[in-house]
Amino acid sequence: MQKQKKNRCIMINGVSIYEILTLTSIMFFIGVYGFFTRKNLIAMLVSVELILNSAAVNFVIINKYMFPGKLGGDIFSIFIIAVAAAETALALAIIINLYRLIMSVKTKDLETMKY
Amino acid sequence: MILIPLIPLAVFLLLGIFFRRIKEPVSGYIGVAGLTIVSLISFYIAISYFLDFGLVNGEYQKIIVFRSTWIHFTDNLKIEMGILLDPLSAVMLIVVPLISWMVHIYSLGYMKGEGGFTRFYAFLSLFTFSMLGLVLSVNIFQIYIFWELVGVSSYSLIGFYYKKKSAVLAAKKAFIVTRFADLGFLIGLLILSYFAGTFDFLTLTNLDFIQTLNGQAVTFMGLSVITWALILIFMGGAGKSAMFPLHIWLPDAMEGPTPVSALIHAATMVVAGVFLVARLFPMFYFIEDGIALEVVAYVGAFTTLFAAVIALTQYDIKRVLAFSTMSQIGYMMLALGVSGYGEHEGLGYMASMFHLFTHAMFKALLFLGAGAIIHAVHSNFMQDMGGLRKHLPVTHITFLVAALAISGIPPFAGFFSKDEILAAAFEHNKLIWFTGFIVAGMTAFYMFRLYFRIFWWNDPEYKHKPHEAPKTMTVPLMILAFMAAFSGFIPFSDFVSTDYSPFHTHIEWGLAGASVGIGVLGILLAVLFYKKENDLSDRFARAFGIFYKWTFNKFYIDELYFFITKKIIFKNISAPFAWFDRHIVDGTMNGIGNSTVWISEKIKGLQSGRVQDYAMYFVSGATVISMILWFLLNN
């Protein structure tokens with residue numbers, strides 16, 4: 001029992017789950033921060049990618065450390081990658097259309113829907 | 001049976017909805033056709049009720065033909081709609097459709113070429129529907145509903161010439177005055193039903209039930225609450241029936257088209273008050289030994305005298321008839337007031353209904369005749385008339401019949417009913433009898449003043465030669481003249497009585513002779529004054545001086561009302577209320593609105609249109625909530 005618990009905590013040599021989760025959290029909040037503050041739609045899109053990727057990494061890591069030998073988390077991360085690809089394609093299409101329409105990809109030019 | 005009120009309703013809806021499509025004569029034919037069917041059904045039912053199935057073991061049955069729950073609040077409190085057939089409603093089933101039918105036919109001629117022909121017929125049908133619903137009601141709440149409906153149709157028909165200012169004012173006045181009276185009716189109805197626990201007529205007029213009510217009622221200012229409720233209900237009836245002091249609307253209501261005056265303001269709607277008191281008669285009689293009934297008697301007696309005095313001096317022929325109507329309804333009320341209960345004691349009740357019946361006939365006839373005269377002369381005032389007997393022979397004869405009938409000259413209808421009323425009053429109360437007796441003479445005088453002034457007097461030069469009215473107008477006149485002449489021979493006491501069993505009346509020759517005598521005296525005076533053009537009446541008027549002036553101005557009651565409403569109520573009560581409304585109530589509401597605007601000005605910056613801002617609010621909100629949840633769950 002004791003041994004098993006120890007095994008679970010140290011799966012990759014010298015790296016615990018907390019370190020990796022800290023890393024993905026930092027990545028997530030960088031993405032959130034970028035999403036809030038970037039003035040360019042492309043940069044916002046990149047920030048969204050960061051958020052998604054941090055989530056995907058979380059899935060993989062938690063699957064690896066908590067339920068070794070199962071595949072649920074891995075499959076979800078693959079889903080997220082597929083969704084992210086689709087989302088990127090969609091967002092880029094919107095951005096390109098917007099550019100055609102108003103010759104700009106700046107967020108401050110998109111404030112028409114207000115009070 | 002249920003078709004009786006529903007056909008006029010259907011006609012009203014048809015004409016009302018398609019009033020632009022249906023052209024002038026067609027709508028009249030539709031209306032007349034509908035009313036013909038209704039009248040035939042009603043006459044058939046009423047007559048077979050009286051002669052065939054109504055009388056079982058010497059007593060008329062109260063038959064509920066149809067009843068359904070309209071609004072169901074609780075098992076005790078529910079409002080039903082239905083049709084009640086008893087002698088009272090059967091009599092009304094003859095009166096209302098007959099007069100309405102005649103008026104429908106007459107209007108084909110009278111209203112020809114007037115604007116709004118279809119609208120006129122639509123409202124006539126609405127009125128007929130409401131009146132039939134009223135007289136067939138099974139409970140007091142249903143009566144109240146139809147009561148208001150007749151008020152509305154009366155309002156829209158008085159204001160039929162809505163481009164004329166006086167007509168609009170008259171319509172408004174009629175509506176407000178009767179509505180004010182109906183407030184009393186509503187309060188009385190609520191009090192009554194609160195203490196009685198039912199709206200139903202069959203229960204309310206049950207004698208045992210009334211005795212239990214008598215025993216348990218709360219008292220207020222020395223009288224039982226039920227008596228107060230009845231007096232308030234009578235107030236509603238007095239408003240509709242133009243009893244003093246709520247009579248002021250009726251003379252002005254003559255602004256409406258003359259057929260309307262004949263139908264609504266002479267024959268049917270204005271007797272609704274009498275009908276209501278008669279409906280609740282056992283209550284009026286038995287609750288606290290009939291204190292409420294005394295009120296009815298004295299109000300009726302006063303009104304009959306008051307209106308007759310005013311009628312002596314008026315020049316507008318329709319107004320003379322209007323005051324005469326008030327006076328005759330006063331007669332009916334006083335007859336109810338002096339009535340007792342049971343076989344012969346209930347003579348006044350029977351006489352009242354009888355007079356209602358005959359009065360409807362001859363007063364509708366008088367009004368329709370007046371309509372034919374106005375149609376021919378294009379004026380309402382007797383100064384513009386005279387010598388019309390040569391020009392309008394049919395109108396002349398029918399008008400004479402009606403005038404004889406209302407004056408109580410045998411063998412015309414009015415003699416019989418008036419004699420019964422005076423006989424009943426004589427047994428009960430000499431003062432009331434004397435009032436009625438004097439009024440009988442005055443009635444004869446002013447009716448023949450009208451008659452001679454229109455048809456004899458002198459031979460003025462008419463700009464347009466007056467011509468007899470078309471057939472559509474004279475035929476109803478003839479039918480009504482027939483009724484006015486002979487309906488007195490109906491043995492009414494075999495049909496209507498307080499305790500629903502027939503009894504026999506006989507003419508009291510002494511009293512009848514006296515009243516005929518005073519009627520003849522009135523007529524002779526009228527002959528003296530008005531047969532040939534002379535200045536006797538003017539000299540007489542001058543001799544009376546101030547009294548004549550007061551009477552001519554209807555005792556300044558209208559002015560008194562104006563004074564009370566404008567100077568006292570509007571100034572001292574309504575004006576502060578208006579101030580309160582404008583400044584406090586509206587101020588509060590405006591304050592709420594203004595502060596909302598102010599706050600939203602301040603915070604509208606939040607709605608920036610930047611998706612990033614929204615996302616940030618969302619995430620920070622989510623964060624705060626999750627921190628709170630975390631904090632709560634950890635404790």
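1. Overall make-up of chain B. The model is a predicted one, and what follows should be read with that in mind. The secondary structure of chain B amounts to 25 helices and six strands, and its C-alpha atoms fill a box of roughly 110 × 65 × 50 Å when taken along the principal axes. Of the 635 residues in chain B, 51% count as buried, and among the contacts in this chain with a separation of 6 or more, 80% come from residues 24 or more positions apart.

2. Helix α17 of chain B. This helix covers residues 393-407, 15 residues in total, and reaches 21 Å from its first C-alpha to its last, close to the 21 Å expected at 1.5 Å a residue. Eleven of the 15 residues of α17(B) are buried, so the helix is largely enclosed by the rest of the structure. The buried set includes B:Thr395, B:His396, B:Phe399 and B:Leu404, together with the run from B:Ala405 through B:Ile406 to B:Ser407.

3. Which elements cover the buried residues of α17(B)? The cover includes α16 (347-377), α18 (413-428), α19 (430-455), α20 (471-486) and α21 (509-530), which belong to chain B. Just after α17(B) comes B:Gly408, which takes a positive phi of about 80°.

4. Packing of α14(B) with α19(B). Two packed helices are described by the angle between their axes and the distance between the axes. For α14 (residues 291-311) and α19 of chain B, the axes come within 9 Å and cross at roughly 25°. Since angles under 35 degrees count as roughly parallel, that makes α14(B) roughly parallel to α19(B), and the crossing is left-handed.

5. Residues at that helix contact. On the α14(B) side, the residues that meet α19(B) are B:Ala297, B:Ala301, B:Thr304, B:Leu305, B:Ala308 and B:Ala311, while α19(B) contributes B:Ile432, B:Thr435, B:Gly436, B:Ile438, B:Val439, B:Met442, B:Thr443 and B:Tyr446. By class, the contact of α14(B) with α19(B) has ten nonpolar and four polar residues, with no charged residues.

6. Two residues deserve a look here. A:Met103 has a positive phi of about 55° although it is not a glycine, and it lies in the segment after α4 (72-102) of chain A. B:Ala242, likewise not a glycine, has a positive phi of about 55° and lies in the loop between α9 (225-240) and α10 (249-252) of chain B. Are these residues buried or exposed? A:Met103 counts as exposed because it has 8 C-beta neighbours inside 10 Å, whereas B:Ala242 is buried, with 28 other C-beta atoms within 10 Å.

7. B:Phe18. This residue is found in the loop between α1 (3-17) and α2 (24-53) of chain B. B:Phe18 is partly exposed, with 13 other C-beta atoms within 10 Å. From B:Phe18 to B:Ile625 the separation is 607 residues in sequence and 63 Å in space, C-alpha to C-alpha.

8. Contact between the chains. Nine residues of chain A are in contact with nine residues of chain B. The side of chain A that touches chain B has, by class, five nonpolar, two polar and two charged residues.

How values were computed: Residues numbered from 1 in each chain as written. Chains lettered and ligands numbered in written order. Predicted model: local features only at pLDDT ≥ 70, side-chain atom pairs only at ≥ 80, totals over all residues. Helix = DSSP H or I, 4+ residues; strand = E, 2+ residues; numbered from the N terminus. Buried ≥ 20, exposed ≤ 12 C-beta atoms within 10 Å, placed from the backbone. Expected span 1.5 Å × (residues − 1). Contact = placed C-beta atoms within 7 Å. Nonpolar A, V, L, I, M, F, W, Y, C, P; charged D, E, K, R; others polar. Axes fitted to C-alpha atoms, helices over the stretch in contact; angles between N-to-C directions. Parallel < 35°, antiparallel > 145°, perpendicular 65-115°, else oblique. Left-handed = near helix turned anticlockwise from the far one by under 90°.
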